[in-house]
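Open the structure in a viewer with selection by residue number. The stops below follow one another.

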Amino acid sequence: MYEHRYREDKLHGVPEFPMHIYRVEHPAGAHSILPVHWHNEMEIIYLAQGSATFRIENHELALCQGEALIVHPGELHSGVNDHEAVCYYSIVFKLSWLSSYQNDRIQQLFLRPILQGTEKFPLLLSSSRGTPSELLEYIRQLILRFEHPLPAYELAVKGILLLLIADLRRYGLIEKNDALGYPHRRKDNEQIKKVLTYIEEHSHEKLDLDQLAAAVSLSRSHFCTFFKTQTGMRPMEYVNFIRINKAAELLRTGRYNVLEAALESGYQHVSYFSKWFKLYMNMTPSEYKASYPSGL
């Protein structure tokens, strides 16, 4: 498990091998399984156990075991689950890492359109919705090779990613990126990222609607409408969502008790903290902490 930040600046892998695969597990009842964030790498999310609902930009997608999502650089994404235990893999890599050193046909025809954003991969890979089974098998092979590395596994991983891209194109699953034709979408995206960054940086402080609206130069009423359209939540509801996720991260480490997690995440009263925690996590902070007896 690793800490998601809302503008994530974590280094994935190392400079000479800029990719990493994370295994993320959550017990039954944990509502937020992926706090909203974005980063400059590609990400493939593969659901190995359970079911969950993920949001990528303004798309909401229900994912079942054995299905996968593809997240492009800069896209806001998050995930929730209400009932069963969940396990998913997050495969994060720099797309430029796959580029050719020479400006050959591979670079010109297949990689450059993705790098430039004129084309994009499909959001969802699902056998039950027509995705060829070998595409999902590539993802399972990526995970297997990474988790059980043999000599030259790095070469195998890079080769499998290229095979995945080749067959996405072979099956006609590469899409034109229509969003480039809508400047207002880019502006909205920039504004919501700006306010999310502000909330994250100040979540431990007292925050109100006027402060948040001022961060993106909108009136209070316009800001509330804009924020809910972009995130699906009211602004102050979202502030608590972020604070609770930060508290949950602290509790998962095993190094913080409930009071310490509440104070560190911006709450002054444990009863108020517990109310919001149970709303988002479907369990009390103590029950949640007990789900991770050895920490993460």
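**Stop 1: the sheet**

Select strand 4 (residues 51–56) and strand 5: six bridges join them, and the two run antiparallel. Strands here are DSSP runs (E, at least two residues), as helices are (H or I, at least four residues), numbered from the N terminus; two strands pair if DSSP finds at least two bridges between them. Within this pair, threonine 53 stands opposite alanine 62 of strand 5.

This is a predicted model, in which local features need pLDDT of at least 70 and side-chain atom pairs count only at pLDDT 80 or more, while totals for chains, interfaces and linings use all residues. Residues are numbered from 1 along each chain as its sequence is written, and side-chain values use heavy atoms, with hydrogens and water left out.

**Stop 2: leucine 196**

Go to helix 4 (residues 183–202), where leucine 196 lies. Leucine 196 counts as buried at 1% relative accessibility (buried: under 20% relative accessible area, 1.4 Å probe, protein chains only). Leaving out residues up to four places away in sequence, leucine 196 touches Val36, Trp38, Leu76, Phe227 and Tyr238 (contact: heavy atoms within 4.5 Å).

Notes:
Buried means under 20% relative accessible area, exposed over 50%, partly exposed in between (1.4 Å probe, protein chains only).
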